[in-house]
Amino acid sequence: MKTKNNRSTFPFNINNIHRLILISILIFTIQGCLNYIQDVQLYTDGSGKMKITYWMKSPNNENISIINKLGIFEPDSIRHEFTSPYSSINNIEVYADTTDSTTHAIIELSFTHIDSLNKAKAFFGSEFSFKDGAAGQKVFSQFIPPYATGFGIDRSAYHVTYKYTFSGEIITHNAPKVERRTLVWDYTLAEIGSGKTISVTFIPFKLKETPYWIYALTGLVLLFVIFFLFRKKKD
């Protein structure tokens, strides 16, 4: 089955054997797994916002009951999985796209400190860390746990994507892809193996999301205002 962008994984914490069996059945009986992208804006003080998007081929009548038991497209269940101390869920959207027969979920949340997400069930084992590094530097890391598929599924055919945008000058990182201040980690399930660690060291901007050119632009505008007022006074 062809899936949109071919991104696949399962984001929820597996905390008992019953759910593990359900997920195994899901993977075995549904043609195509769950697609997952995590997009994060991380600020200088460890606060930020996150948008998670996942989707899958809409289940047929035989598989609807399995999906309902997992609760992955049920807003109350999603809220329960992603809730953590010091974070707020701003929006949850679940919808079906009839153009390609897919079912989607979008979660938007904000957090006062990214470490607090470690207490959310959905991020079990993610090991978010945001600490001071060398003088004036911050060090961020997140662990990407291994994903079990089973039943002979080709683990190289599916991917997980993590995007992080940092409010500062990036010093070191292990991201395969760089888009200015946005770093992108995109792995197949086979590449994740026993787990991967996202690691970034950066020098924060002096103000949240405020690069140096903002100050220069502000000063230039101020000079124009002073010049205009001076000329008006002479006239």
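Tutor: Buried means under 20% relative accessible area, exposed over 50%, and partly exposed in between, with a 1.4 Å probe and protein chains only. This is a predicted model, in which local features need pLDDT of at least 70 and side-chain atom pairs count only at pLDDT 80 or more, whereas totals for chains, interfaces and linings use all residues. Residues are numbered from 1 along each chain as its sequence is written, and side-chain values use heavy atoms, leaving out hydrogens and water.

Student: Is Asp 132 buried or exposed?

Tutor: Asp 132 is exposed, at a relative accessible area of 60%.

Student: How many salt bridges does a search of the whole structure find?

Tutor: A salt bridge is a side-chain nitrogen of Lys or Arg within 4 Å of a carboxyl oxygen of Asp or Glu. The search finds two. In one of them, Lys 138 meets Asp 132 at 2.4 Å, N to O. Lys 177 also forms a salt bridge, with Glu 179, and there the closest N and O atoms are 3.4 Å apart. Lys 177 is partly exposed, at 44%, and Glu 179 is partly exposed as well, at 33%.

Student: In what order do the seven strands of the open sheet lie?

Tutor: Strands of a sheet pair through backbone hydrogen bonds, either parallel or antiparallel. Helices (H or I, at least four residues) and strands (E, at least two) are DSSP runs, numbered from the N terminus; two strands pair if DSSP finds at least two bridges between them. Here the order is 3-4-2-1-7-10-9, with mixed pairing. Strand 3 (87-97) and strand 9 (177-179) are the edge strands, each pairing on one side only.

Student: Which strands pair with strand 2?

Tutor: Strand 2 (residues 48-57) pairs with strand 4 (residues 102-111) in the antiparallel sense over ten bridges. Strand 1 (residues 35-42) is also antiparallel to strand 2, over eight bridges. Lys 51 in strand 2 stands opposite Asp 39 and opposite Glu 108 in strand 4. Strands 1 and 2 form a hairpin with five residues between them, and Gly 46 in the turn has a positive phi of about 90 degrees.

Student: Why is strand 2 largely enclosed by the rest of the structure?

Tutor: Seven of its ten residues are buried, so strand 2 is largely enclosed.
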